Amino acid sequence: MSAGRTTISLLLLSLVWGQKPPQTLMPPPMPPPQTTSSGIDPCLKENHAVILDEPRRSFNWALEEGSKALCDSHLAPGWYRFQSAAGSSIPTGCPPLDHCGTEYPIWHRGQIPTATEGIVNSIGCGHVGDDCCKVQLPILLKNCSTSVVYFLQPTPTCHMAYCAGYMVPCPRGLVSNTGFTPCQFEVELVGVKVVSNLNSEDHPQIHCIAFLEKVTALDTLLIEVDWLSGGAVIHQQQYHPADYSYAVLPHQFWKLGQTLQCRARVRHISINTYTPQVTSPPFYAGIQIISRAPIVVQEGGPDVFLELRSTVPVGCHDNNCCIPFKIGVQYPDDTHYCPSGEPLDRLGLKECTHHICKDDWNTTHKIALRSKPDNLYGGNQLLSLEMGSLAHGHSIWSHYKLPSQQVQVAGFDVSERCTSDSYISTFDGQIYSHSLKGSFLFYKNGNHEVEITYSNCTYRRNCNCAVTIRGDHSVIKADICMKGYLLVWSEATYAADEDGDHTHQDVTILQENEGRSYKAVFSSGTIVKLGPYLSYVTVYALRTDLGKTSGLCGLFDRNPSNDLVNENGTPACVYRPRAPCAQYSQRWKVPSGPAAANKTALAQVASMNKYESYCACRKPAKAERNKKVSEPRNENEVEEGEDDDEQHCHSSMCEYSPGIEMSEEYLKFAAEQFFSGLENKGLSQSMVVPNEMVPAMYPPSGWNAQTAGIACQRYISGSAAAGLCSNIAQTNLPDRVSECTSDIMVSNNTGWAAVSLNRFKSDCKAELYRNLSLWERTPGGQITTPLRILNSLCVNNCSQNGICKAGVCYCNKEYAGSDCSIQVSEAPVLLGLTSSPCDVYKSSCKFVAVNGREFFEHPHLMCLIEVFLVKDRDDSIMSQGFIKTEGEFLSYQIVICPLPNLDVHSTGKHFSKDSTRALLKVSVCYGLLCATPMDMWIYDSRCWDCTNLTCKPKLPGPCFYYNPYYTPQQ
C-alpha cells in the first residue's frame, strides 16, 4: 500500500473516533466489548446473521485491478457467521494488503476457542501500511462445534473488510470438489504415439500425438516433448494443444531406418504442475516386417508370405508415386553349390522387385516365397532376404535398406524310387518278380503316367521293351525292341494357348551320355530315368507323389504292407522278396493295341497342380563374390561398383546328372517321320546287344551262376567306383552283381558287366547329387558334390582313352564320344536306316534317321547322298550326282540326314515317267571320312508295292497311263 493511502486511512480513523491521528501511528485504544443479553446463545441460527457466499473474503483472494473492493464500514454490530466455499473462520494470520477482496484486510489475532470455552474476547487486526495490526477492533467469538460465530464491529473506514477462510476458486484447468482450493491438476496423459503422414508438399513427416483425458481448459495446457532415438534425446520441443494437434519432428533429425520414440508430459501454464512423463512405443520409420523370423518355407509346400507394411507414407516424386524395392536372396558363405558352380537355389520368389505406392503404402504387402521340389534331400538351408530401395534421387527413400529377414527352407526328404529291371522295386521297398508280357501301367499320379511294355529279349527273360511317358499334353516314347537299339521320340498335343504357341510339350526330355540313357521330367518335377538299352526304368519320387501313386510301383505312402494289393485292398499274394505276384501284375495290364493306348492318353483331362517358374533373386555369397574374374559368371552376380539395380529373374536347379534337353529335336523329327510301321510283330524275342566290350575268358563249360558270378564280382566289386560308393545308400552293389550274373548267363555276352557297372556308377552319381549330407567343403570354402568320388564315375572308365573329371570324360585328342571309345581318324560305321523304304504317300520322306555303331558330335558332321533315277520299265538306275547336307547328331546311335527334294515327293493326280520312285545311297561323314553308304528307297505306294526292297508296279493303276508295261491291245 502507498504512503498516501496510509495517511488517508489514519485520517479516517481519527474522524471515526473523534481523535487526531496519533503521531506514532499506533492504533487507538480498544473500546469496551459489547456483550449479549444474558442467556442468549449466538450459535443458534436465530441469534446470528450469515454473511453468505462471499468467497472474495478469502485470505488468498487477491484484489484484482479495477475490481470493487469490499467494505464493512456499514456493518451493523452483531453476531455473524461466514458461509462460503472459501471458508467460515476469520484467518488467524496476517494477509497481504489488497487481499480478502479488499485493500485493508482484517484478521483475527488469536486462536479459535474450543467449544467448551464459550464466548471469548479477542482482537481483529487491520493490515494498514507495513503494520499487520495498525488498526485494532474488539471482537467476540464462540466455537459452535460446526462453525464459529463472531461479534463484529463495523470497520472504521473503507476499503477495509473482515477476511473469511483461506480458499480461492481453482484456476482454469484445475479442479476440486468445491471448485475452490485445494485444487488438483487432474489432466491425464493416457498415451503417446508416433505417427507419420504427408505434408502439403507430399513429403512424409513424423508426428508425436499426445492423448489426454479429464481436460477442462485446453488452452491452459502446454505439452513438452522429447524425441528419442536409441534411448538418447535427439530433439526437444513444446506445443500448445489448443493451437496444434501434434508435435512435428523436423526432417533433419530423422531418416528411414531409425527407431524413434517421443516422451511427453503436460504442464499447466499458470502453476508449475506436470503430469508424469509418458513414452511412446518404438516407431520404426520405414518398412516394417510383420512376419516372424525365421520364415519357414517347406520344400514343395504351399506359398509362404513375407508380410510387410510401411509406417511412412509414400508421396509423389517427379510424377512417380511408387517406390520400387529390389529383393535379393543372400546366401551364407557355407552354402551348397551345384556342380554347375551356381549356388543351390532352393528359395524362389514371384519377382525380384516389389513396388510400394502412395495408394497402398498403409496396407499389408505380401511377397510370396516358395521352394520347388528339387529331388534333393538330406539338409535344410538358412538364407536371408534383403530389400533395398531403387528410388534414386529421392530425399527420403534413396539408399534405404530394410533389415535382413531370415528364411529357412525346410527340405522334405524324399529319397524313394521305383525301378523296373530284373525285378520291380516299389517306392516303399517291396521287390517282386514281374514275368507277364505286354504293356502295364508302371506309375501313375494324376495325369502323369509311365507305361512299360515287357517282352522276351536276348539278355533277360522279361525285358523293358518299350516305355511310354504321358504328361498332361504330351507323350514320350522309347523303344529298344523294334530295332535292337534305343529309339526315343516325342508326341505332343497341339492346341493354341494364350500366347499363340501351339505346342504343349510339358514333359522334358534330357539326353545323357550322348543318348545312352535318357531322363524325362514331368511338370510336377518327378523324374523318370531310362537306363542304357532300357535295362532299367526308374521313377524318382517327389513330395507331390506321396499318397497319390498307383501302378506296379504301388502306393507311395511309406507303408510297404499295402503295396501288392487288389483293388479292394486285400493282398494279391503272399509277399516273398523277388517272388512273382502275378495277380498284382495282372491288375495293371493295359489293353493291347494302339487305339487303347491313345484312348487312355486322351482320357486324361484333369489338370495336375504345377509349380510355376520362380526367381532366385540371388545375391552372391562371399565365396562366390571372391571367384576369379576368369571364371564364368552367373547373370545374377554383381561385382562391387556394378549397377545392381536391375535384379535378374534366374533360378538354377541342381540336376543330379548332366543332360542335354532334347525336347525340341524330338518334336522336330516326329515319330511318323521314321518309326511308323516298325512295331515289333509278336514280341517273340528282340535282339538287344550292348556295344560295351568286356574281355573275359569264356568258361569251357559255359556261363553258369558260379562262373558268371565270379566274373561280375571281380569286374564290378573290384572297381574303383565300388570302393568309393559301396557304402552309399541306394547304390545296391550286391544287386548290380546279381543283375550282371543273370544277364551274362542268359545272353552269353560279358558286355552286360559294363552295363551293370555303369548303372552302379549312375546310381552313385545320382545319390551324390541328390543327398546334400554327402557334399563336401572345397578348399575354396564351397560345399559341393565330392569330386574325389565323381572322378571315378565316368562311363566305361573313358575307355582308358581320356581323363574322368566330375563324372565326365575328357578325351585324348585322338578319341571322341562320351566314353572316349571312338577314334576320330576312322570313318563312321552305319548299321541301318530307320525308315527305308519310305512311302511318300504316307510320310513326307524329308529326313532319314541313320543308325550307326557309334557316332560322335564331329564339328563337320555331314550327310553325303547320291541320287539315282530308276527306270520304270527295266528297273535300271542312273546316278544323278551327289548332294551334301549338314547332319544333325541325335544320339550316339542316330544321325538325322535331310533328304533332297525329288520328283517322287511331288505326289499328285498325274504322274510323270520314271518319277514315282527313287533310290538314294546315304552316307554319314566326319569331314572327308565317309561311311559305306546304305540304300534307301523312296516310292509312292499308289504306284508300287515295295517289300524287302523289291518293288512291283500296281497294274492297272493311275501311275502308268503311258503304258510302259503293257500294249494298247492288252
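This is a predicted model: local features need pLDDT of at least 70, side-chain atom pairs count only at pLDDT 80 or more; totals for chains, interfaces and linings use all residues.
At 0% relative accessibility, Trp-397 counts as buried, since the cut-off is under 20%.

Next, show the ring of Phe-325 beside Trp-397. A pair of aromatic rings is described by the distance of the centres and the angle of the planes. For Phe-325 and Trp-397 the centres lie 6.0 Å apart and the planes stand at 85°, so this pair is edge-to-face. It connects distant parts of the chain: Phe-325 belongs to strand β19 (residues 322-330), while Trp-397 sits in the loop between β23 (381-389) and β24 (405-410), 72 residues apart. Both Phe-325 and Trp-397 are buried.

The structure holds 16 aromatic pairs. For another group of rings, select Phe-427, Tyr-443, Phe-522 and Phe-556, which ring pairs link into a cluster.

Move to helices α7 (residues 705-717) and α9 (residues 733-747), whose axes come within 8 Å and cross at roughly 135°. That angle makes α7 oblique to α9. The crossing is right-handed. To see the contact, display Ala-705, Ala-708, Gly-709, Cys-712, Gln-713, Ile-716 and Ser-717 of α7 together with Leu-733, Arg-736, Val-737, Cys-740, Thr-741, Ile-744 and Met-745 of α9. By class, this contact has nine nonpolar, four polar and one charged residues.

The remaining stops concern the backbone. Most residues other than glycine have a negative phi, and most peptide bonds are trans.

Start with Asn-732, in the loop between α8 (720-725) and α9. Asn-732 is not a glycine, yet its phi is positive, at about 55°. With 33% relative accessibility, Asn-732 counts as partly exposed.

Then go to Ser-799, in the loop between α11 (787-790) and β42 (802-805). Phi of Ser-799 is likewise positive, near 55°, in a residue other than glycine. Ser-799 has a relative accessible area of 24% and is therefore partly exposed.

Finish with two peptide bonds. Select Cys-158 and His-159, which are joined by a cis bond with omega of about -5°. His-159 lies in the loop between β6 (148-152) and β7 (160-162). The bond from Thr-181 to Pro-182 is cis as well, with omega near 5°. Look for Pro-182 in the loop between β7 and β8 (188-198).

How values were computed: Residues are numbered from 1 along each chain as its sequence is written. Side-chain values use heavy atoms; hydrogens and water are left out. Axes are lines fitted to C-alpha atoms, for helices over the stretch in contact, and angles run from 0 to 180 degrees between N-to-C directions. Helices (H or I, at least four residues) and strands (E, at least two) are DSSP runs, numbered from the N terminus. Angles under 35 degrees count as roughly parallel, over 145 as roughly antiparallel, 65 to 115 as roughly perpendicular and the rest as oblique. A crossing is left-handed if the near helix is turned anticlockwise from the far one by less than a right angle, and right-handed if clockwise. Contact means heavy atoms within 4.5 Å. Ala, Val, Leu, Ile, Met, Phe, Trp, Tyr, Cys and Pro count as nonpolar, Asp, Glu, Lys and Arg as charged, and the others, Gly among them, as polar. Rings of Phe, Tyr and Trp (its six-membered ring) pair if their centres lie within 6.5 Å; planes under 30 degrees apart count as stacked, over 60 as edge-to-face and the rest as tilted. Buried means under 20% relative accessible area, exposed over 50%, partly exposed in between (1.4 Å probe, protein chains only).
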